[in-house]
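I opened the notebook to look up a few things in one structure. The entries follow in the order I made them.

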Amino acid sequence: MILPIVGYGQPILRKVARPVEREYPELKTLVSNMYETMYAADGVGLAAPQIDLSLRLVVIGFRPYDEKTETYGDPTEEHTLVNPEILEFQGEKKFFNEGCLSVPDIHEDVLRPERVVVHYWDEDWNEHTDVAEGLYARVVQHEVDHLDGKVFVDRLSGLRKAMLRRRLGDIAAGRVRTRYRMKSTNNKR
Ligand code: ZN
């Protein structure tokens, strides 16, 4: 099931999400819905607060894109991160152009460490510790930020953020068009 995505400016994106408990009902269904929602919106990562659930749950998936047919192939890599914790930041800090399904049409270079050690459980409650590099490391950091109430534009310089202020205000007011469904801002809850 494809779920609507919460946009920048909604309070849930500013909350510190609560841990997923072992007894959480239908965790696998939720995870499956999150992958479906993410891929339908052409995303590479999705955190539960983005679908209006204050939970420490993230899905990450990479699919090859075929420019000729303009379609995606099957995922080459997927990671379900339940209660992820970044244990260590490693390597040099690098700029990489980031976007976010909750912040449509805004893409900005963000400085982050190139490697992280991340501890998490998967949807079967198997424990993992990964040394994440490259795109995986980037997406882990972006998504774990969501669980802590942070959005990637928070990490931009004051000047860049000031330049984006009007566009961020438009998103917060629901004045944005997306190919995927966003949760209505009129829905006060
Ligand atoms: Zn995001």
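**Entry 1: aromatic pairs.** I looked for aromatic pairs and found three in the structure. Rings of Phe, Tyr and Trp (its six-membered ring) pair if their centres lie within 6.5 Å; planes under 30 degrees apart are stacked, over 60 edge-to-face, and the rest tilted. I noted that Tyr 35 and Tyr 39 are a stacked pair, because their planes stand at 25°, with the ring centres 6.1 Å apart. Both belong to helix α1 (residues 27–40), where they sit four residues apart, about one turn of the helix. Tyr 35 and Tyr 39 are both buried. Here buried means under 20% relative accessible area, exposed over 50%, and partly exposed in between, with a 1.4 Å probe and protein chains only. Tyr 65 and Tyr 72 make a tilted pair, 4.9 Å from centre to centre with 55° between the planes. Tyr 65 is partly exposed at 41% relative accessible area, and Tyr 72 is partly exposed at 34%.

**Entry 2: what I am reading.** I wrote down that the model is predicted: local features need pLDDT of at least 70, side-chain atom pairs count only at pLDDT 80 or more, and totals for chains, interfaces and linings use all residues. Residues are numbered from 1 along each chain as its sequence is written, and side-chain values use heavy atoms, leaving out hydrogens and water.

**Entry 3: strand β2.** Helices (H or I, at least four residues) and strands (E, at least two) are DSSP runs, numbered from the N terminus. I checked strand β2 (residues 57–62) and found six of its six residues buried, so β2 is largely enclosed by the rest of the structure. Leu 57, Val 59 and Gly 61 are buried on one side, and Val 58, Ile 60 and Phe 62 on the other. Strands pair if DSSP finds at least two bridges between them. β1 (residues 45–47) runs antiparallel to β2 and is joined to it by three bridges; Gly 45 has Ile 60 as its bridge partner. β2 also pairs with β5, again antiparallel, over six bridges, and Leu 57 is bridged to Val 82.

**Entry 4: the zinc ion.** Which residues coordinate the zinc ion? I found Cys 100 (SG), His 142 (NE2) and His 146 (NE2), at 2.1 to 2.2 Å. Donors are N, O and S atoms within 2.8 Å of the metal (3.2 Å for Na, K and Ca); water is not among the atoms, so sites may look incomplete. The spacing of the donors along the chain is C-x41-H-x3-H. Cys 100 in strand β5 and His 142 in helix α2 are 42 residues apart, a link between distant parts of the chain. Cys 100 is buried at 10% relative accessible area, and His 142 is buried at 8%.

**Entry 5: positive phi.** Most residues other than glycine have a negative phi. I listed Glu 70, which is not a glycine and has a positive phi of about 55°. Glu 70 lies in the loop between β3 (65–66) and β4 (71–72) and is exposed, with a relative accessible area of 60%. Asp 105 also has a positive phi, near 70°. Asp 105 is in strand β6 and is exposed at 53% relative accessible area.
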